[in-house]
Amino acid sequence: MGASAQLQQQLSHIHNQHLLKVYEKQIGPKRAFFSVQAYRHWLSKAFVAWVLGTCCIALWIYNYMDEDSKLRRKELLESMCDQRARMLQDQFIVSVNHVHALAILVSSFHYFKNPSAIDQATFAEYTARTAFERPLLSGVAYAERVPNSEREEFERKHGWTIKTMQREASPIRDEYAPVILSQETVSYIQSIDMMSGEEDRDNILRARSTGTAVITGPFRLLGSHHLGVVLTFPVYKSKLPPSSTEQQRIEATAGYLGGAFDVESLVENLLGQLAGNQAILVNVYDVTNSSDPLIMYGHEDQAGDMSLVLESKLDFRDPFRRHKMVCRYHDDAPWNSSAIVTTILFSMTGILVGYILYGAGNHIVRIEDERNEMEELKSRAEAADVAKSQFLATVSHEIRTPMNGVLGMLALLLDTDLSSTQRDYAQTAQACGKALITLINEVLDRAKIEAGKLDLETVPFDLRSVVDDVLSLFSEKSRNKGIELAVFVSDNVPELVVGDPGRFRQVITNLVGNSVKFTERGHIFLRVHLEEHAKAVTDSKANISSTLNDEESDESMLLSGSQQSTTLSGSEAADEWDSWDTFKYFVAEEGFTMNGSSNGGTSYEEATGNVITLRVCVEDTGIGIPLTAQDRVFMPFMQADSSTSRTYGGTGIGLSISKCLVELMGGQIKFVSRPHVGSTFTFTAVLGRCEKNAVNKTEKKRNAEDLPSSFKGLKVVIVDAKPVRAAVTRYHLKRLGIVVEVASSVKVAANTLAPGKSSQPDIVLVEKDTWFSGEERCSPVWPVDREQNGHISTQKLPKMILIATNISKSEVERAKEAGFEDTVIMKPLRASMVAACLQQVLGTGRKKSQGKGSSSYLQSLLCGKKILVVDDNRVNRRVAAGALKKFGANVECADSGKAALELLQIPHGFDACFMDIQMPEMDGFEATRRIRQMEKQANEQLEAEGSIAEEGKDGWHLPVLAMTADVIHATYDECVKSGMDGYVSKPFEEQNLYQAVAKFFQDKPISGS
Amino acid sequence: MDVLSQLRHQLADYTNSLHRDGFLDDQFSQLQQLQDESSPDFAMEVVSLFFEDCQKLVTNMARALELQAVDFKQVDSSVHQLKGSSSSVGAARIKNLCVAFKTCCDSQNRDGCMRCLQEVNRECVLLKNKLQTLFRLEQQIISAGGSIPM
């Protein structure tokens, strides 16, 4: 049992993988992503904020860049201003130095020499000749210090009176400073007292007290009307020490040297020499009185860039006076184009990006809205799908009910005495009815496949009987069409396989159904092989063919009657692989020889573990699939073209379902098709191998139909010119346990029947075509033969039976004349059908054992058994009890779960229990669970005592069968879960009851007998 | 044995009509098949059990439905019982009625339940009469010395 559980796991694993694939395809990967949806109302606000932010940043960038350029402009102005100031200062100081030199000249030659070496003429000439050194001074003059006491003497000495600035005789003062020496350019100030002018007087007083050069504030010069200043230098009589006091300096003063500076020209010249003269405006101020700056150069009200004004200090070596230079640009600062462009570009980019993000956000929101809408629609569609499934379930349920009536009646009919033909008809009708029920279930399953919820069963089943069932479905149709329908299952394929018989059958039914539908002549051939075997054969085909060459030529000699292909019907098939050329090797591998001793090749069984791969081929000689339509074959609702459905009907969904199912079974489906030649569909399926020891025989029995074993040991000769056909016939006979020989013609068969041979065949099966084609030649031979045999032993004479696809009345007559039996075995062959025919031929004595079938069998199973029926409904209880009693069972009843438990206290003598599921208080499931619990305890106790082995049974396990009105899969699952062994429908159906009960009573000795 | 064959004919016709009109189904035939020498009155016994049950259940349900607060669960379980019994006996019409009844119960439709109950009651009485006739015929055949063909 452990091994089979393992197998089940293995299979379900394979199936699950495919299920997963199907799921993935249908659902697709689901992704989680950031949801803009939650913030959809913030989108426009965020956009506005973004635009504002962008503008702010743009402004900041503009400011930053503008500031930078302003700074540079300022620095430039600063440097220019400083440069100008420094140069002006230098020039000025050079001039001052020259005046200083003149002062020294005057003191040296006028005072230190006696008599004076300088007079007016000398001074005028000297100053005129050295004027180039003082280009900024309009003129220099020397004024002597004259105290009032010396005025008279002075005036007398020079011959003129001291005058004031107004050219009048000077009034009396403490001292005077009349100009005695002057340059020619300023000779008009000769004899004018310098101390009479307010400005000059201050200058003179400051100069002699400080001992340095001093300058006046700016004023309009007399000659040029330019703004200018007067520079005054003191001249001392004696050399003063550097640390002399103010008083000493005043006393030592002899006179004053002065010069007029033309500041305006000075600055004008200076600026003219410098680059960038035009760009800036320069003003020079005297700021000694800081509240009232006096302009020395430039115009106060001159236009210019007033926003940026720079000042530089000027030092004219006069500690008393302060000067400054003010510079500014001539033009306003130009617009900073790069900053503007950058800013505009930036803000445009920013706004654009914002807009794109905004748009994207909007788009996402819209898409999500649509998605939600789609999901809504999807869920509605799914709901509709559920509704459809419910509808299907309801309708199919409604169909099932009357169908059960039909089937019941057929079952009754089959219990009556019928001829083989009638029996076959009735059986066919029953099989078709069952198939219809199955079909309805399949309709339900289709919905499941679509939902990916289909799970495959893993139960042991007899592959051959499944295939036979499928064949029986189509036998009528194929017979009417005159198509030869045949099935062949390789001997390597185990008798029982583990898988889902329903699905397997569904696929085969679909394929064969298609073939029957689309085939008008020729044959349909269904074959089942092991995949490994098929591969091995194909691989070794080349090798074998060389070795078998001789044999082959012999065979072709034998088969020379037919020039056609070596397929089943002689028509050409689409896939060369499947023709007799290859098939021969299969059969050869399986121990097929022309004189047919049979032993199935078992080497493959042992070689491959628990799982086997089957290859199923359905070959037909139909209209084939047009090349253009071949890639659409497995798509749902696709037929070759629209005319196909008109001509042949059908929806075209079958193949797509088959494909799904095959994939679920871990296989593949493919086909080869040639238009107007035929199609061959091949699929593989992974199934479990049924362990012979593990599975109880009852299972086998149930599945293996009820093939009678009474034919075991019979000897049959098959006469058939076509080896493929012969192989098929042989296959069916072998299943009945019949020893088979094959002869290619009647003649060959006659030879084997030659007298003197010990083993006479019991039956000779002759294929109709072979018989009639060789009739002329063979008919004389046969009756003679028959007569000879007749002398020896009339009873021993082999029965002759015809096998035919279709046969006319006249042909039957002719055959009868030739000594054939009345019964003609009609194709397609099925083991059970062949058995029925043989029975009819061999005598009716055996018929009873077959005919009554399950009913009598059930009787033998149940006779004397003690059975407990648990049902709260007393009518049901009574009926169930009555039915079981009829089969000879000893029935006790309980009306509730509790009562049943009491009766079932261990030890008890019951052999089985039928349990209603729906009961008040304690339902069937619960009751079963309790029973199992009790049994478990008892078993543990037994085990402790070690008495199990002695008794030879597996401890207590009462078979509990559920009785239920609705036999659906889910209920079965529930049953198994709660420990039940199976279920029967309520009210009892004979077949169903038999199947359920047979499982438990098969190999147990009947306790009563 | 003219009378006997006539009676037999009558019985067959009557049985057929019952099947045709849907009063009975296959299950009833099976019930009849179950009776043999050891239990000659099996069918009649079961049928009378059934009608007793019927009467009880109908009364129960009628009482339950008259109450102010109807306990539909209780009604439903009664219907289930009735359905089980009727399908065991093969009373097809009652069985079908029970299906409708159950839907009414599930949707807690009181009026529908009442209607169904009345119909069930009517059908019960009808079937009882029909079956009484049937059994009488059978009795007549047996008393005439024949056996009932199955």
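Which residue lies over the face of Y329(A)? In this predicted model, the answer is R73(A), at 4.1 Å from the ring centre.

Over all chains, the structure holds 12 aromatic pairs. A pair of aromatic rings is described by the distance of the centres and the angle of the planes. Here are two of the pairs:

| Pair | Centre to centre | Angle between planes | Kind |
|---|---|---|---|
| F92(A) and F261(A) | 4.2 Å | 25° | stacked |
| F461(A) and F504(A) | 6.0 Å | 50° | tilted |

F461(A) lies in strand β13 (residues 459–462) of chain A and F504(A) in helix α11 (residues 501–518), so their pair ties together parts that are 43 residues apart in sequence. F461(A) and F504(A) are buried too.

Ring pairs also join F47(A), Y355(A) and Y358(A) into a cluster. An unreviewed UniProt entry places the feature "transmembrane region" at residues 47–65 and 338–358 of chain A. Residues 47–65 of chain A are 100% helix, with end C-alpha atoms 27 Å apart. Residues 338–358 of chain A are also 100% helix, and their end C-alpha atoms are 30 Å apart.

Now for chain B: it has 6 helices and 0 strands, and 45% of its 150 residues count as buried.

Key: Residues numbered from 1 in each chain as written. Chains lettered and ligands numbered in written order. Predicted model: local features only at pLDDT ≥ 70, side-chain atom pairs only at ≥ 80, totals over all residues. Heavy atoms only, no water. Helix = DSSP H or I, 4+ residues; strand = E, 2+ residues; numbered from the N terminus. Buried < 20%, exposed > 50% of the residue type's maximum accessible area, 1.4 Å probe, protein only. UniProt positions renumbered as here; feature names shortened; annotations may be inferred. Phe/Tyr/Trp six-rings, centres within 6.5 Å; stacked < 30°, edge-to-face > 60°. Lys NZ or Arg CZ within 6 Å of the ring centre and 35° of its normal.
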